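Hi everyone, thanks for making time.

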Amino acid sequence: MMTSTFSKNTAIKNMVLNAIFLTFVAAIFLISQELRAQSGQALSAQELEKINQQPISKPIKNNAETGKVAPKKPSFEHKESDGTSIKEYKEGGKATEVIVESPLGTKYELSTPSDAAAPNVRDKDVNRVPTVRMSF
């Protein structure tokens, strides 16, 4: 009785292993058929040229290397009816800059003092006075 049970278990195991083997063979066959179908669809010379002419990545602008400074955007901007314009620039950690331009060519600037980076500036009274530029 034991031999018949053993032979039945062995037969079932063999059937399961055969089914798994046949599944793998079928999968490999289907994959190879797909690869053959894909290899038959070669690209034309024009399509290859188009692909090869595409840039690998988008060009990157590095202002530090080119020496160009990105234009500042004013945090406040106002234009009077007589043509006078007022622009205020605020950057984190820096003093506020104000530029007033008149239609006559006069330009007033209130910006950071030239010695602002010096460590002893806080010990003195620093007066920020506007710079007046008049073009004649």
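Let's begin at T84, which is buried, with a relative accessible area of 16%. By buried I mean under 20% relative accessible area, while exposed means over 50% and partly exposed lies in between, using a 1.4 Å probe and protein chains only. Please keep in mind that this is a predicted model: local features need pLDDT of at least 70, side-chain atom pairs count only at pLDDT 80 or more, and totals for chains, interfaces and linings use all residues. Residues are numbered from 1 along each chain as its sequence is written, and side-chain values use heavy atoms, with hydrogens and water left out.

Where does T84 sit? In the loop between β1 (76–79) and β2 (85–89). Helices (H or I, at least four residues) and strands (E, at least two) are DSSP runs, numbered from the N terminus. What is around T84? Setting aside neighbours within four places in sequence, T84 is in contact with H78, K79, V100, E101, S102 and P103; contact means heavy atoms within 4.5 Å. 

Now the strands. β2 and β3 pair in the antiparallel sense over five bridges, with I86 standing opposite V100 in β3. Two strands count as paired if DSSP finds at least two bridges between them. Next along, β3 (residues 97–101) pairs with β4 (residues 106–110), again in the antiparallel sense, over four bridges. In that pairing V98 has L110 as its bridge partner in β4, and I99 has E109. β3 and β4 form a hairpin with four residues between them, and G105 in the turn has a positive phi of about 100°.

How many salt bridges does a search of the whole structure find? Two. A salt bridge here is a side-chain nitrogen of Lys or Arg within 4 Å of a carboxyl oxygen of Asp or Glu. One joins the side chains of E97 and K72, at 3.2 Å, N to O. This pair links distant parts of the chain, with E97 in strand β3 and K72 in the loop between α3 and β1, 25 residues apart. K72 is partly exposed, at 41% relative accessible area. The other joins the side chains of K107 and E109, at 3.6 Å, N to O. Is E109 buried or exposed? E109 is buried, at 15%, while K107 is partly exposed, at 25%.

One more residue: S75, in the loop between α3 (63–66) and β1. S75 and E88 are 13 residues apart in sequence and 5.7 Å apart in space, C-alpha to C-alpha. S75 is partly exposed, with a relative accessible area of 45%.

Let's step back to the whole chain. There are three helices and five strands, and along the sequence they follow the pattern α-α-α-β-β-β-β-β. Buried residues make up 5% of the 136 residues.

Finally, confidence. The chain averages a pLDDT of 76, and 67% of the residues score at least 70; pLDDT is the predictor's confidence in each residue, from 0 to 100.
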